[in-house]
Amino acid sequence: MARKKKRKNKNKKTKKIGFKGFFIGLFVVLIMVVFTPTTAILLVGMLPTFVAYLVDNSLEKNKTFTIGAMNFAGCFPYLLGLWTGENTLPVSLNYLENPQTIIIIYSVAAMGYLINYIVTIGVSSVLVTKSKMRIERIDKEKQALKDRWGEKVNGKHDLDEYGFPIQNIEEEVLDAS
Amino acid sequence: MANAPIKKDSESDSATASDAVDSDAPETKLEIKPEQDVMFDKNITIHFDKPLSQYDKNKVKAFRATGHNKLAKDLIAYICDKSLTPRGITSIKYAKVKQQSLVKLIKSGKVFWPHADGERFCFVYENTLGKPVTDIKNSAPTLGWKPEDVIVNVANPLIKVLTNMRNMDIVHGEIWPGNIYYNGSAGADKVTLGECLSAPTSYNMPALYESVERALADPIARGTGTVADDLYSLGVSLAVILRKNDPMQGKSNAEIIEHKIEKGSYTTLLSKDRLSGSTLELLRGLLYDDPEQRWTLEDLESWMDGRRLSPKQSPKRVKASRPLVLNDVKYIRPELLAKDMTDNTDEMMRVIESGDLNLWIERAVEDKTVKIRVEQMLEEIGSYDRTEGYNERACAAVATALYPEIPIHYSALKFNPAGFGRALTYAYTTKANLQDYIDVMRSMFVLSCIRLQKTTSIGNILAKFDACKNYLNQTTLHYGLERCLYYMNPESPCLSPILEKYYVQSPEELLIALEGVCASGSPKVLLDRHIASFLSVKDRRNIDPYIGDLTSSDRYKRRLGLIRTLATIQKRSNLEQCPALAEWISNNLEDVYDRFHDAKKKDSIQRQIKKIKKTGDLTKIALYFDAPNLFQSDTGYFYQAMQEYTRLKEEKEKIIDRLENKKNYGQKSGQQVASVVAMVVAFGIMIVSAYVVMIKG
């Protein structure tokens, strides 16, 4: 029974990876074959993304996506230069030899890290505040329920078939005191 | 008294002979002095400061009254005592007896009586009485009127009265000189027979005027009697009016009765007077001790027509050839033994159990009928439980076997079965010891006795006692001794302490009385065992469907049961408004409101009830709470609220758990947002780059 479950999970995982991997693989192969110069820039330029992917332990890989998006944005002007100008390998290598290119690309990638950091902290704070406010609202709603339906709505009392405490709540309070 | 609820049909339910009051006649303005006058119906004023003590009858007091509009001016009002159940139902038939020699009933019903600070039943008659033939304190007069005057002015008119009453199926029950009235001049004019409705039959009549059997009973327990009893009373009345000597002067009632048994009533009353002719015939005929032999009204009509009736031989009472000794007294008459044996029950049981009684009956009395009766009864009493009071029960049964006409004598009670109900009511209202009554109703011996008696409607009486035996064994709200009270005495008013100031004889009157009770105060309780039993006996449809609720251990159910009962009475009685009752109900619904979980719903219902109570319609209030799903829906929503509460509680716990336990709370969401932001920024950068390239290019 446990083995079957493991196999199922494995299959699921395999299916997930297979589909994504295939897509990415196909994309990569195409780029490499069709756009060698572009591939060269991307291979070097998107290194921060590869690193982020390896470092990102989350399932959703949102951080990787953040950095990847900015990383690609950093590579884009140079790719655009290639695509609108001479789209040859030497030109792309020329770009890569220029330290400014790497600095710009990697700086923009770094902005991705920054965005991830700042936005995550910001969102987290907002969520914490929201949760605390939700707790307050929950408390109010509970009190409103008690006011409308009585103390017994809290479900802590033994109730008869009509919903009335089998032992009087006041008696309980007296007993407790 | 508070404003009574309005009836849809404005009929009066009390007897009246004054239907001749012209409704078109202009109403004269009545001057009422509240400190001395009481209004009874709109046409009669009773002057409670003007007693007519010459017409008093023990507990029943007479007062001057004045009629208005077309009624006779000079009236007498008899105010009944609550312990003595008056003959209200009989008054309806009495009012139809049109006979000059019978005092005319004008109106009957209940009236607020200041002396009693409460309602009492009242009979109002035309004051045509005059003076009583004898003072009520002189129960055995010797008046010596002339026979011809007595025949013309006493016998003839009273015979006509009795004939008319017989035709209306009424027994008078109080024919004696203290209740026969004249103008003060002996025999000068026709007499008037007084009223008989203000107390139980024969209650106010001295024992002398009763046949032996009825005289042996307690006055309150004599029962209704028959026309034959009235004729006997007439006979005795004529005898005392005619006679010049009293053979029984100075004798006690018991001695007179014994003499009647030994020598007969005629000899007892008239042995020292010589009468002749038709007068003698009349008295002999009326004073037969055996009611079968006694003259009937047909015989009297024949006598009045001048026809001579052949004298009947009065069958002689059984006499034993040798005496039976009981407590040093020698008895040769079974009737006298039966009369006395219940006063010496232990000694008598010794005589019974030793077989002496059987021997005496067989060998000395030599009457087969008596023998068989006694043997059968001895066999029956052998099956009685030998619990406390066994001797009394056994002796009462054997006494009846010896002398079936005798009233049943148990312990301190001496009663005819038909009179038991009124006697029970009397004992209850005078706070007498009721244990004997309870013992009688619980026991088998009374049924054995009744079967032997020649009682009219024996089946009905047996059924009543049998039913009471069952009622006493049940403890539910509408059973018990209270039910026996109203079942045995249907004319009894409701004796609940809640209705102390009211005279209630029907469910409708009960509702009106409760309306008054609520209007004048805030009673804690509106329904007790008395009221429940009373309603159940009068009309079980008013209360029996709600007994389960009324006896529930849940207070709210009891309250709803009460509302439904009152609403049912209002609906069935056709009463329109009961504002005070509605107010009381509205103020005493806490237990019902507490059955609602929803405070908003409670407030809404309270507001609704406050609106409905203004209409005084109890049915609407009852229907409101009878709405289907009123309580169920509230319970349903309550459980939903409980689920909601639980859900909120769990949600809070989760949130707290997340806040306290997860270090990276919000990180995942933050990263998701960050990826979106990054996408947007990246997209922006790409647009700008493309734009720059396009411009350069």
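**A chat about chains A and B**

Reader: What share of the 697 residues in chain B is buried?

Author: Buried residues account for 54% of the 697 residues in chain B, where buried means under 20% relative accessible area, exposed means over 50% and partly exposed is in between, with a 1.4 Å probe and protein chains only. This is a predicted model, in which local features need pLDDT of at least 70 and side-chain atom pairs count only at pLDDT 80 or more, while totals for chains, interfaces and linings use all residues; side-chain values use heavy atoms, leaving out hydrogens and water. Residues are numbered from 1 along each chain as its sequence is written, and chains are lettered from A and ligands numbered from 1 in the order in which they are written.

Reader: OK, and how many helices and strands does chain B have?

Author: Chain B contains 28 helices and 13 strands, counted as DSSP runs numbered from the N terminus, with H or I over at least four residues for helices and E over at least two for strands. Its radius of gyration is 38 Å, well over the 26 Å that the globule rule gives for 697 residues, so chain B is more spread out than a compact globule. That radius is taken over C-alpha atoms, and the rule is 2.2 Å times the number of residues to the power 0.38.

Reader: What box do the C-alpha atoms of chain B fill?

Author: Along the principal axes, the C-alpha atoms of chain B fill a box of roughly 165 × 75 × 40 Å.

Reader: Is helix α9 of chain B mostly covered or mostly open?

Author: Helix α9 (residues 334-341) of chain B is mostly covered, since eight of its eight residues are buried; among them are B:E335, B:K339 and B:D340.

Reader: Switching to B:H478, where is its place in chain B, and what does it touch?

Author: B:H478 sits in the loop between α17 (458-473) and α18 (481-488) of chain B, and it counts as buried at 6% relative accessibility. Not counting residues up to four places away in sequence, B:H478 touches B:R483, B:A532, B:S533, B:S536, B:D544 and B:I547, a contact being heavy atoms within 4.5 Å.

Reader: Now chain A: what does its secondary structure come to?

Author: Chain A comes to seven helices and zero strands, and buried residues make up 32% of its 177 residues.

Reader: Which residues is A:P37 in contact with, leaving aside its neighbours in sequence?

Author: Beyond four places in sequence, A:P37 is in contact with A:L82, A:N87, A:T88, A:L89 and A:S92.

Reader: Which residues does A:S124 touch?

Author: A:S124, found in helix α6 (residues 99-149) of chain A, touches B:Y665, B:G666 and B:Q667, not counting residues up to four places away in sequence. A:S124 is buried, with a relative accessible area of 15%.
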